[in-house]
Amino acid sequence: DGKRMVFPNATVHIEQKEVAYWLNPGNRAKAPEGARKFFDEASAKVQPYVDAGRVKMFSGATELLPGIRAIPAPGHTPGHTFYSLESKGQKLVFWGDVVHVADVQMPDPAVTIVFDVDPTAAAATRKKAFADAVEGRYWVAADHISFPGVGHLRRDGEGYRWVPMTYVNDHYESK
């Protein structure tokens, strides 16, 4: 019937700069032809929640829920955000799109990708994120990094090395 699906009880937390950028028809019109599909996808996926009053916007570093914090990480997109989950002295930071090609960007965090809206800010965010992860010794969950996509970073010369967590399938039973 052409209607967009909205999960009726879902509240979507989104950094206000993301909404202002991606749902602005003027920004779409100024974007290169190849990038316009990203504006269309954002509109298709987010606008129904906005229309239903199910979007809760925030700005900057914010505690969204107890133990869950938004951390500004601009560059890939204007309002790109990391999310930190902390409990019982443990910390996991969800990075999103700060890394796209780990084998290239871990050794050289200055390398950007065509999809970064602001390459200079994206490189600065990545450098800071990598240094913070090493110093803080916390877990990181990252898109575009091979399964399991959760691990730690360590210094490796002028760059960094990804150290994945050990994955064990405890559900498997031998016969």
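## The main nonpolar core

A nonpolar core is a set of buried Ala, Val, Leu, Ile, Met, Phe, Trp, Tyr and Cys residues that are joined through side-chain atoms within 4.5 Å. In this predicted model, the largest such core holds 18 residues, and the members that touch the most others are W95, V99, M106 and L153. Two elements, helix α5 (119–136) and strand β9 (159–164), each give two or more residues to this core. The largest share, three residues, comes from α5.

M106 shows how parts of the sequence meet in this region. Apart from its neighbours within four places in sequence, M106 is in contact with W95, V99, F130, I145, L153, G159, Y160 and W162. A second, separate core has five residues, among them I14, L23, Y49 and V55.

## Overall architecture

The secondary structure of the protein chain consists of five helices and nine strands. Read along the sequence, these elements follow the pattern β-α-α-α-β-β-β-β-β-α-α-β-β-β. The C-alpha trace spans about 45 × 45 × 35 Å along its principal axes.

The protein chain has 175 residues, of which 32% count as buried. Among contacts with a separation of 6 or more, 47% are between residues 24 or more positions apart.

## Helix α3

Helix α3 covers residues 36–51, which is 16 residues in total. From its first C-alpha to its last, α3 reaches 21 Å, close to the 22 Å expected at 1.5 Å a residue. After α3 comes G53, whose phi is positive, near 70°.

Which residues of α3 are buried? They are F39, A42, P48 and Y49. The buried residues of this helix pack against strand β1 (12–15), helix α1, helix α2 (25–30) and strand β2 (55–58). Y49 is also one of the residues in the second core.

Another residue of α3 is F38. F38 has 28% relative accessibility, so it counts as partly exposed rather than buried. Leaving aside neighbours within four places in sequence, F38 is in contact with W22 and F115. F38 and W22 are 16 residues apart along the chain, and their C-alpha atoms are separated by 8.0 Å.

Side chains of opposite charge can pair when their charged atoms come close. The count of salt bridges in this model comes to five. Three of them are described here, beginning with a pair that involves helix α3.

The side chains of R28 and D40 meet in a salt bridge, with an N to O distance of 2.6 Å. This pair links distant parts of the chain, R28 in helix α2 and D40 in helix α3, 12 residues apart. R28 counts as partly exposed because its relative accessibility is 30%. D40 is likewise partly exposed, with a relative accessible area of 38%.

A further salt bridge joins D132 and K128, at 2.8 Å from N to O. These two residues lie four residues apart in helix α5, so about one helical turn separates them. D132 is partly exposed at 29% relative accessible area, whereas K128 is exposed at 54%. R161 forms a salt bridge with D156, and the closest N and O atoms of this pair are 2.8 Å apart. R161 is partly exposed, with a relative accessible area of 40%, and D156 is partly exposed, with 36%.

## A buried charge without a partner

Where does E18 lie? E18 lies in helix α1, which covers residues 16–22. Is E18 buried or exposed? E18 is buried, yet it has no salt bridge. The nearest side chain of opposite charge belongs to K17 and is 8.9 Å away.

Leaving aside its neighbours within four places in sequence, E18 is in contact with L23, T77, P78, G79 and H80. Of these, L23 is also included in the second core.

Terms used
Residues are numbered from 1 along each chain as its sequence is written. This is a predicted model: local features need pLDDT of at least 70, side-chain atom pairs count only at pLDDT 80 or more; totals for chains, interfaces and linings use all residues. Side-chain values use heavy atoms; hydrogens and water are left out. Buried means under 20% relative accessible area, exposed over 50%, partly exposed in between (1.4 Å probe, protein chains only). Lys and Arg count as positive and Asp and Glu as negative; His and the chain ends are not counted. A salt bridge is a side-chain nitrogen of Lys or Arg within 4 Å of a carboxyl oxygen of Asp or Glu. Contact means heavy atoms within 4.5 Å. The expected span of a helix is 1.5 Å times one less than its number of residues.
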